[in-house]
Amino acid sequence: MAKAEVRCPVCGSSFFVGNGGNAVSELKDGIHYLIPETIRNENVTPETKTKARLDALKAVGIDIDKLNNLMQKDDSFKDIFEEDDPILNEIKKGGFIRNPELFRRFICAQTFRLLKDNHGWTHAVRKMYDIKYVFNQSKRELCLLIKLQKKCPNDIRFQFFTLEDLRTIFAELFDYNKYRHYSNDTEIKLMKNRILNSDSYEDLLSVVNRYYWRFDWNCSFKPKAWLNCFKGAGAYYTLQNIIRTHGLIIPKCNDMNESLEYVDNVFKSIIGYEPQDRRWDILLSVLTMAVDKTGFELKY
Amino acid sequence: MTTDEFIKKVEDGEPYRINFEKKEVRLNGFLVDIDFETTDNIEEKLLELFENYKYSVPSRKSDSKYFFALDESHLSTKQLAENEHRYIARAKLEIYVLGLIINNKWDFGDKWYWQSNIEPKLVLFKKWF
């Protein structure tokens, strides 16, 4: 018998009955019922499924007796692992496992690269990054913060590049824009005020995208507001990364938890001020002091 | 111009371009003549330079069309903090191979490629020479 199509009057889905179809008819109390494949397989209990999986594992050559204890809720992980397992030892000691794909590990690598300079962190930043990098990085941060607002509005990432900071950054950058020579002085003032009077992150983005930006790569640009924010974000995320996974302990503390509390206290005392007066130098000095006194080096 | 002067200019930030087929070197858009020096231990130095390039820190438009390099997700934080920039490591590698091409210092035998035993990703092709 060939395939025939049947349509359900309630939900509208179609089934194929016959040779090669996905539905089967059954007789019950004198009425034919159509049963599709999905409902038929619901009679499979979880016990039969696990048996099928265990048989498949046995065919490959894996020991099954150790796994049976877990299924009977004995809670003995130690039977599976050996005694000298390095991962288990790390869990028992600190509670954190090293993860090479950790969140914001590029910032950790970047700050250590900048700290190697003989003249200091700010000198290295001015040597390596120019005005184009400042513009692209602050614009990228703006777009990311707009996305973060919807998912998680209480994130710590909003404390470094705040709205007021971004406004001053773009206003400073506008003074070095080559395209402003095409307009009058009054128009320049109007354009700058539009940047400084924006209400929200989305407003700022729309204003920034409306203008043409072109910079001279040879100009001498001294960003003050941007450097401050960059310093704060860099120091905070490297400290979090190092303390949790690389094993740094701040000199006056004994533990990982105590050093995390110390960093949190410093962070909260800095946040108490307004965004223009925040002194992120203090966080960076905590980092350099801890790294110099303990002789810290990255392990992996 | 020697190879050391060329690398110093690249480290200062000048844009460069190296082509194996046309056997050209361009600095800032202009053609440049380079004097190559001959050295011993060709294979060892090639391996050194290739490992330096493979584990280097990438940036935009820094990969070469001739050689293979790792993505940044395969590098650890220590390597990201200590290794060279890929733009400079690529210049060192490609200038050295150009020197071998111009002086014709490689034996292929009957094959059309050469692959090293230690590092299987390092391959040299006969059509470059």
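Residues are numbered from 1 along each chain as its sequence is written, and chains are lettered from A and ligands numbered from 1 in the order in which they are written. Because the model is predicted, local features need pLDDT of at least 70 and side-chain atom pairs count only at pLDDT 80 or more, whereas totals for chains, interfaces and linings use all residues.

Strand E1 (residues 4-7) of chain A pairs with strand E2 (residues 14-17) of chain A in the antiparallel sense over 4 bridges, where pairing requires that DSSP finds at least two bridges between two strands, and where helices (H or I, at least four residues) and strands (E, at least two) are DSSP runs numbered from the N terminus. Within this pair, Val6(A) stands opposite Phe15(A) in E2(A). The two strands form a hairpin with 6 residues between them, and Gly12(A) in the turn has a positive phi of about 90°.

Helix H11 (residues 225-246) of chain A has 22 residues and reaches 31 Å from its first C-alpha to its last, close to the 32 Å expected at 1.5 Å a residue, the expected span being 1.5 Å times one less than the number of residues. Just after H11(A), Gly247(A) takes a positive phi of about 90°.

Leu142(A), found in helix H7 (residues 131-151) of chain A, is partly exposed because 19 other C-beta atoms lie within 10 Å. Not counting residues up to four places away in sequence, Leu142(A) touches Leu166(A), Tyr201(A), Leu204(A) and Leu205(A), contact meaning C-beta atoms, placed from the backbone, within 7 Å.

Notes. A residue is buried if 20 or more other C-beta atoms lie within 10 Å of its own, exposed if 12 or fewer, and partly exposed in between; C-beta atoms are placed from the backbone. Two residues are in contact if their C-beta atoms, placed from the backbone, lie within 7 Å.
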